[in-house]
Amino acid sequence: MPTLSVFLDVPLAQKLEGSLLKTYKQDDCPNKIFLAYRVCMTSEGQPWVSSVVPKIRLQISQDPSLNYEYMPMMGMKSFTEASLKLLFGKYNQVIVENRVGGVHTVGDNGAFQLGAQFLKIWHKDSRIVYIISSKKESHGLVFQDMGFTVCEYSLWDSKQLCMDPNVLLDVAEQAPHGCIFVIGNIGDCKLTQSQWARLIASMKSKQIFPFFDIPYQGLSTGNLEEDTGFLQYFVSQDFEFFCSQSLSKIFGIYDEGVGVLVVVALNNQLLLCALSQLMNLTQALWLNPPTRGARIITSILCNPALQGEWKQSLKELVENIMLIKEKVKEKLRLLGTPGSWDHITDQNGPQSYLGLNSQKVEYLVKKKHIYIPKNGRINFTCINAWNIDYITQSINEAVLSPEGSE
């Protein structure tokens with residue numbers, strides 16, 4: 001009698017990502033270009049790494065004093081402390097009052113897995129999560145797996161070609177009492193003082209719990225403090241919140257993903273209670289967090305000279321991104337490409353929307369072998385002196401071509 005497999009009724013899952021890259025790799029066109037890498041790229045086509053990181057890697061590998069015992073369940077204390085100071089500033093209100101703490105997590109989604117598990121147990125009044133960001137996030141899958149009802153909203157207005165703060169404001173005013181807001185890229189919305197007041201009032205009156213996503217502090221504007229300045233609005237209004245602080249991208253250690261689940265509470269006693277429960281949850285999720293990436297980051301952040309060198313390398317990367325965007329916009333202007341392309345330089349960060357509809361994107365992929373996601377959000381660090389003319393000329397052709405019209 002044949003043995004029946006327990007996997008007999010398990011279907012092949014639909015691939016969530018990677019199909020564009022797979023198609024690109026199978027393309028034998030010599031001029032093909034891939035503009036959808038998730039990591040920052042150098043002009044040589046290699047992933048960007050902060051100049052200080054290789055030196056620290058070498059030091060760590062040759063340090064005889066290091067042992068490789070298991071970390072505490074909360075992770076590397078020096079790493080979380082340095083990360084919190086980077087996020088808020090050394091003398092921020094929450095740090096001085098000792099009501100902020102963190103848990104050393106695994107990768108980009110580790111903080112969301114840990115935070116969602118905590119909220120499932122201890123935030124029972126609501127099972128509704130609103131995810132508001134500039135793009136579709138993978139966090140939704142994490143919350144769905146935990147049994148939450150997930151509603152997703154995009155801040156990007158594809159018609160007006162800008163980030164629309166009214167999306168966030170409207171959702172806050174319509175959301176039910178006690179729900180959870182997962183918010184990303186809020187700094188890109190450029191809310192006015194009156195809009196901030198309106199948002200804070202809505203969230204406070206409805207006791208909405210914020211869960212912020214900080215995936216690349218410093219890569220948005222080039223200013224570490226400015227990129228997270230919005231957190232002060234919530235701190236000053238005595239909000240309690242979670243924050244996913246991902247640090248791998250801003251150091252260029254993508255394959256050693258580490259982060260922090262940041263917890264802000266009303267006082268130290270509440271903070272300690274929350275952290276104790278989170279510590280228990282880490283046992284089921286990963287027990288012991290990775291240390292190599294955390295050691296690299298801690299070594300840099302705790303050494304003023306190394307931190308200065310890292311900040312300079314980050315600043316140079318952001319300046320290069322801004323320069324690339326300016327060049328793309330100017331070349332499109334010189335080509336006489338219809339429409340305004342100011343939205344390219346109005347957006348912050350390495351990944352921004354080109355403002356092309358799905359037909360124009362398809363034209364670029366099929367006719368010009370330029371691989372762009374369907375939403376038209378590309379990584380501008382993939383554009384360099386060798387391909388910028390071909391890319392801008394191709395965009396111009398896509399805009400003008402009847403095949404690129406809706």
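Residues with under 20% relative accessible area count as buried, those over 50% as exposed, and those in between as partly exposed. The model described here is predicted. By the cut-offs above, E97 is partly exposed, because its relative accessibility is 43%. Its salt-bridge partner is R99, and the closest N and O atoms of the two residues are 2.6 Å apart. R99 has a relative accessible area of 2% and is therefore buried.

The chain is assigned two domains. Domain 1 is made of two segments, 18–50 and 308–399, while domain 2 covers 71–302. Taken over C-alpha atoms, the centres of domain 1 and domain 2 lie 28 Å apart. Contact between them involves 22 residues of domain 1 and 23 residues of domain 2. Together the two domains bury about 2000 Å². Carbon and sulfur atoms account for 65% of that area. On the side of domain 1, the most area is lost by W310, N348 and Y353. These three residues together make up 33% of what that side buries.

The polar side of this interface was examined next. Zero salt bridges were counted between domain 1 and domain 2. Six residue pairs are in polar contact across the interface. Two helices, α14 (304–334) and α15 (342–346), each supply at least two residues of the side of domain 1 that touches domain 2. The largest share comes from α14, with seven residues. By residue type, this side of domain 1 has 13 nonpolar, six polar and three charged residues.

Salt bridges were then considered over the structure. Side chains of opposite charge can pair when their charged atoms come close. The structure holds 14 salt bridges. One of them joins K136 and E152, with an N to O distance of 3.1 Å. K136 lies in the loop between β3 (128–133) and α6 (139–145), and E152 lies in strand β4 (residues 149–154), so this pair ties together parts that are 16 residues apart in sequence. K136 is exposed, because its relative accessibility is 66%. E152, with a relative accessible area of 32%, is partly exposed.

Another salt bridge is formed by K368 and E397, whose closest N and O atoms are 3.2 Å apart. K368 belongs to helix α16 and E397 to helix α17 (residues 388–400), so the pair ties together parts 29 residues apart in sequence. K368 counts as buried because its relative accessible area is 15%. E397 is partly exposed at 34% relative accessibility. Salt bridges also link R57, E256 and R292 in a network.

N357 counts as buried, because its relative accessibility is 17%. Its side chain reaches two backbone nitrogens. That of Q359 is at 3.1 Å. That of K360 lies 2.8 Å from a polar atom of the N357 side chain.

Helix α7 (residues 165–174) illustrates packing. Its buried residues are P165, V167, L168, L169, V171 and A172. They pack against the strands β3, β4, β6 (162–163) and β7 (180–184), and against helix α8 (193–205). The N-terminal end of α7 is capped by D164. A side-chain oxygen of D164 lies 3.0 Å from the backbone nitrogen of N166.

Backbone angles set two loop residues apart for description. N185 is not a glycine, yet its phi is positive, at about 60°. N185 is found in the loop between β7 and α8. With 14% relative accessibility, N185 is buried. Q207 also has a positive phi, near 50°, in a residue other than glycine. Its position is the loop between α8 and β8 (209–214). Q207 counts as exposed, because its relative accessibility is 53%.

Note on methods: Residues are numbered from 1 along each chain as its sequence is written. This is a predicted model: local features need pLDDT of at least 70, side-chain atom pairs count only at pLDDT 80 or more; totals for chains, interfaces and linings use all residues. Side-chain values use heavy atoms; hydrogens and water are left out. Domain bounds come from an automatic or database domain assignment. Contact means heavy atoms within 4.5 Å. Buried area is the accessible area (1.4 Å probe) that two parts lose on being put together, summed over both. A salt bridge is a side-chain nitrogen of Lys or Arg within 4 Å of a carboxyl oxygen of Asp or Glu. A polar contact is a pair of N or O atoms within 3.5 Å; within protein, one must be able to donate a hydrogen and the other to accept it, and residues adjacent in sequence count only if both atoms are side-chain atoms. Helices (H or I, at least four residues) and strands (E, at least two) are DSSP runs, numbered from the N terminus. Ala, Val, Leu, Ile, Met, Phe, Trp, Tyr, Cys and Pro count as nonpolar, Asp, Glu, Lys and Arg as charged, and the others, Gly among them, as polar. Buried means under 20% relative accessible area, exposed over 50%, partly exposed in between (1.4 Å probe, protein chains only).
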